Amino acid sequence: MTTAETDRAAGRLLAVASGKGGVGKTVLAIGLAQALAQAGQRVLLVDADLGLANVDVQLGLDPRHDVADVLAGRLSAAAAATTHDAGFAVLPGRSGSGALAGLEPVAVARLEAALRAATAEFDTVLLDLGAGLDAAVRRLAACADLLLVVATEEPTSLTDAYAVLKLHRRDRPGAAARLVVNQVSDRAAGERTWRTLDQACSRFLGAGVPLAGIVPRDARVADSIRHQTPLLTRHPTCSAARQIAFLAKFLST
Ligand SMILES: Nc1ncnc2c1ncn2[C@@H]1O[C@H](COP(=O)(O)OP(=O)(O)OP(=O)(O)O)[C@@H](O)[C@H]1O
Ligand SMILES: [Mg+2]
């Protein structure tokens, strides 16, 4: 191993969570993976929605291997991953497999170790977590170096984001977490949403939640999903793509 290799810092584990489903975790995770790759990072996007995987569907992939190979100890995360044309690696989940939903803690621990090991080969390992707050989601969120919590303007999404932050602080006191407000009608509404949550966190959890980014509601997102093409490939200059790229830049500094 060369000095440059030994000196190279391990990559970072980022996780995207929300509590409430359908707020845009997968859209943001794919967009961030592509934007970070475009900035020169080696990125592994992991579909860690263990019950209802859909990263491969949004990306139109037909993978040979998936997270089940990693859980079974057959392959490393890097070896099981598929390279996407957009410049990042994808470790797909396995949809509809009851064996993956509600995993035993020992299997989650194995996955956690494999993901941490992947940071030796990737600058960013990005976990797209499932909705809800089950034990596997909490464990994977707790192993991240930074948790990105996604909320929308809807009050139910805000209360679920609060619950994620509350449990995350309990599971891993002092861990870094930031908010992304997605599908906003305008920037001011996104900032109001953030302030509401930030104040609740300051008051009841003892510390606020810093803002990572605000992404507008944009019809081009649904269009890119329909075409199973990443947003930054299909509509690189649309408003949502620009804000996701901006978020990636912010996370890289
Ligand atoms: N910024 C946006 N503008 C418009 N629509 C969006 C935006 N972000 C997400 N969506 C829409 O919201 C839907 C859900 O997005 P996505 O699948 O990323 O959510 P999720 O949080 O990953 O859902 P799940 O909890 O089921 O995993 C998508 O169909 C997409 O079209
Ligand atoms: Mg999803």
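This is a predicted model: local features need pLDDT of at least 70, side-chain atom pairs count only at pLDDT 80 or more; totals for chains, interfaces and linings use all residues.
Residues are numbered from 1 along each chain as its sequence is written, and chains are lettered from A and ligands numbered from 1 in the order in which they are written. Helices (H or I, at least four residues) and strands (E, at least two) are DSSP runs, numbered from the N terminus, and two strands pair if DSSP finds at least two bridges between them.

**The sheet as a whole**

- Eight strands form an open sheet with mixed pairing, and their order is E3-E4-E2-E5-E1-E6-E7-E8.
- Strand E3 (82–83) and strand E8 (211–216) stand at the edges with a single partner strand each, so one side of each has no neighbour in the sheet.

- Six of the six residues of strand E2 (residues 43–48) are buried, a residue being buried if 20 or more other C-beta atoms, placed from the backbone, lie within 10 Å of its own, exposed if 12 or fewer, and partly exposed in between.
- Val43, Leu45 and Asp47 point one way from E2, whereas Leu44, Val46 and Ala48 point the other way, and all are buried.
- E2 pairs in the parallel sense with E4 over three bridges, and it also pairs in the parallel sense with E5 over six bridges, where Val43 stands opposite Thr124.

**Strand E6 and its surroundings**

- Five of the six residues of strand E6 (residues 146–151) are buried, so the strand is largely enclosed by the rest of the structure.
- On one side, four bridges join E6 to strand E1 (residues 12–17), with the two strands running parallel, and Val149 in E6 is the bridge partner of Ala17.
- E6 also pairs with strand E7 (residues 176–184) in the parallel sense over six bridges, and in this pairing Ala151 stands opposite Val181.
- E6, helix H8 (residues 155–171) and E7 make a right-handed β-α-β unit, where right-handed says that, with the strands pointing away from the viewer, the path from the first strand over the helix to the second runs clockwise.
- H8 lies across E1, E6 and E7 and runs at about 160° to E6, such angles running from 0 to 180 degrees between N-to-C directions of axes that are lines fitted to C-alpha atoms, for helices over the stretch in contact.
- Helix H9 (residues 187–205) packs on the sheet and touches E6, E7 and E8, and its direction makes about 145° with that of E7, contact being counted when the C-beta atoms of two residues, placed from the backbone, lie within 7 Å.
- E7 and E8 pair in the parallel sense over four bridges, with Val180 opposite Gly213 in E8.

**Leu133**

- Leu133 is placed in the loop between strand E5 (124–129) and helix H7 (135–142), and it counts as partly exposed because it has 17 C-beta neighbours inside 10 Å.
- Leaving aside residues up to four places away in sequence, Leu133 touches Gly19, Arg138, Ala163, Val164 and Leu167.
- Leu133 and Ala163 are 30 residues apart in sequence, and their C-alpha atoms are 8.4 Å apart in space.

**Ligand 1**

- Helix H2 (25–38), E7 and helix H10 (219–226) each supply at least two residues of the shell around ligand 1.
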